[in-house]
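Hello,

Here is the structure I promised to pass on to you. My notes on strands, core and domains follow below it.

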Amino acid sequence: MRKYAIALATLLLTGCYHEFHEITADRSSVAVALQWEQPEDAGTFLHNITFSADGITRSFDTPREASAEQLQLPDGEYDILVTANMTEADSFILSGLPGTKAGLPDVRVSLRNPLANPAQAWYGISHASVQKGKATVAEAKLQRLMCTLTVNIANVPAGTTIIHTLANVAKEVRLTAQDDAGRYGVPGTETVGKLTVDTYPINLFPTVSGKGRSLLTLEIITAAGSELTVLCDAPRMEVGKSYILELDYTKLQPYMYITPYSISAWEDGWTVSGEILNSQE
Amino acid sequence: MAKLFTGRVLATLLLLAAVAQGARGQALAPVERSWYVGVQGGTSFGQGTFRSITEQKVHWGLQGGLFGGYRFNRLLSVELGARYGAQSQYALDCCPYWMSEEEVRYMAPVLDEHGWYYKDLRAATQWGKLALQANIDLLSLLAKPSCRWSLTLSPQISAVTTSTRLITPDREIPHERQWHLGLGGEAGIGFQISQSVGVALYGSITCLTGERFDNIPIHAHKSNLLWDAGLKLTFGL
């Protein structure tokens, strides 16, 4: 009798009067808490946010919508792929989704037009241990996808034309592949061919895997009609990082070896270290 | 706090038992129509979306008040009382939510917005209640007229005001005072110590109409209740 009285009192005092409750003993769910990997991205407008796991992809228009929902998943360990701002309207093409229940699929992103110069897009992988009857919150750090390249050439004489051609840019990025350091997001091995860039800064894909250097060719046509070609042999462009190359027209050489210096954790300056006569790509 | 309360209840029961033992054999005059007044006090609990009694812990509140009434006979009396209480409410385990600064509930923190997990919040409530109740002594229907014990059920209607502050890890969020119609009741076990002095242990529930008194975003949980329990000391006039 006493235990029934205690049980009744407990039920009355702590009982849940449910119409609907996400957290029940026989269900399991996970919500995703988005975070910026780079704090300076805070406040950026996000749209088309997707969560993908276990063969399911769900899309949301705003971070608030994304935080208001849970993924209902069976018990288990999951890697959840998050993407943001990767829309077809911005030239992004995602392949490999929604995947299967077998685990994280090989999701690749490419650009319909490699020179589309889309606004920045983000992705992240969050690991979640989903348990029955328990609500899990998985944190996903949003990593920048696009590299941003800026090339400034000072002291260019009036009437001079400079055509910028970039080589070794990756055709796609494998979002769910990890590099040697365990970081998600690995450039593919296929390039998009040579890109003629006519505006800076420009958002591009990184340098292809397997190539140690980015190659920027400057074809200079002076006002008098003479032509000069300059090859800038620059470091690799990595996923999500920004690069800025400052050149002086009066110091241009046919071949210039570029070395990096750090401006911030996510931005490198490129500077000319000197001419190397027998260059190797 | 829990030990203190339990200790006081036990002490009161012992006192009642001692008084009952001492009073045995001394017959009381039959109850006549009469006025009475009294004081009462004890603990209180809140039960909204957040609750004072959670799976993890009982968070005891405090309440006290004055009352006065008119006794028609042993069976029936009516009573008007004013009580003031305060207690805190916390999230249940089944609500692992997050609340934005705009006080909107989410399943997870919202990017670029400030907020708090429910588990880190406390709803601190102060309340006042003006209640009218009818006391029906069910034991009087069964026991001899000379019996000093009573077993009272008291349907109650009340005007209740609540004021809740939301305590977050970094600041307090005050909310406007609310007014509710309260419907509920009280149950008590009493003992008449002498012709004019009686004591009773009681428990009371007040169902609040209107807005949720804890000011937590409404979701899933429907209750909007105040509980209180304690000791009443009654003096006949």
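Let me start with one residue pair: A:I93 has A:S110 in β7(A) as its bridge partner. A word on conventions: residues are numbered from 1 along each chain as its sequence is written, and chains are lettered from A and ligands numbered from 1 in the order in which they are written. This is a predicted model, where local features need pLDDT of at least 70 and side-chain atom pairs count only at pLDDT 80 or more, while totals for chains, interfaces and linings use all residues.

**Strands**

Strands are DSSP runs of E, at least two residues long, numbered from the N terminus, and two of them pair if DSSP finds at least two bridges between them. β6(A) and β7 (residues 108–111) of chain A run antiparallel and are joined by 4 bridges. Both belong to an open sheet of 4 strands in chain A, ordered β6-β7-β12-β13 with antiparallel pairing. β6 (92–95) and β13 (184–187) of chain A are at its edges with a single partner strand each, so one side of each has no neighbour in the sheet.

Elsewhere, β5 (residues 76–84) of chain A pairs antiparallel with β2 (residues 49–53) of chain A over 3 bridges. β5(A) also pairs with β8 (residues 122–130) of chain A, again antiparallel, over 9 bridges. A:V82 takes part in both pairings: it is the bridge partner of A:F51, and its own partner in β8(A) is A:G124.

**Core and domains**

A:V82 turns up again in the largest nonpolar core, which has 77 residues; A:V82, A:V32, A:I80, A:A84 and A:L145 have the most contacts inside it. (A nonpolar core is a set of buried Ala, Val, Leu, Ile, Met, Phe, Trp, Tyr and Cys residues joined through C-beta atoms within 7 Å; buried means that 20 or more other C-beta atoms, placed from the backbone, lie within 10 Å of a residue's own.) Domain 1 (2–144) and domain 2 (147–274) of chain A both give residues to this core, so it lies between them. Those bounds come from an automatic or database domain assignment.

The contact between the domains takes 19 residues from domain 1 of chain A and 19 residues from domain 2 of chain A, contact being C-beta atoms, placed from the backbone, within 7 Å. On the side of domain 1 of chain A that touches domain 2 of chain A, β7, β8 and β9 (135–144) of chain A are the elements that give two or more residues. β7(A) gives the most there, with 4 residues.

Best wishes

Notes. A residue is buried if 20 or more other C-beta atoms lie within 10 Å of its own, exposed if 12 or fewer, and partly exposed in between; C-beta atoms are placed from the backbone. Two residues are in contact if their C-beta atoms, placed from the backbone, lie within 7 Å.
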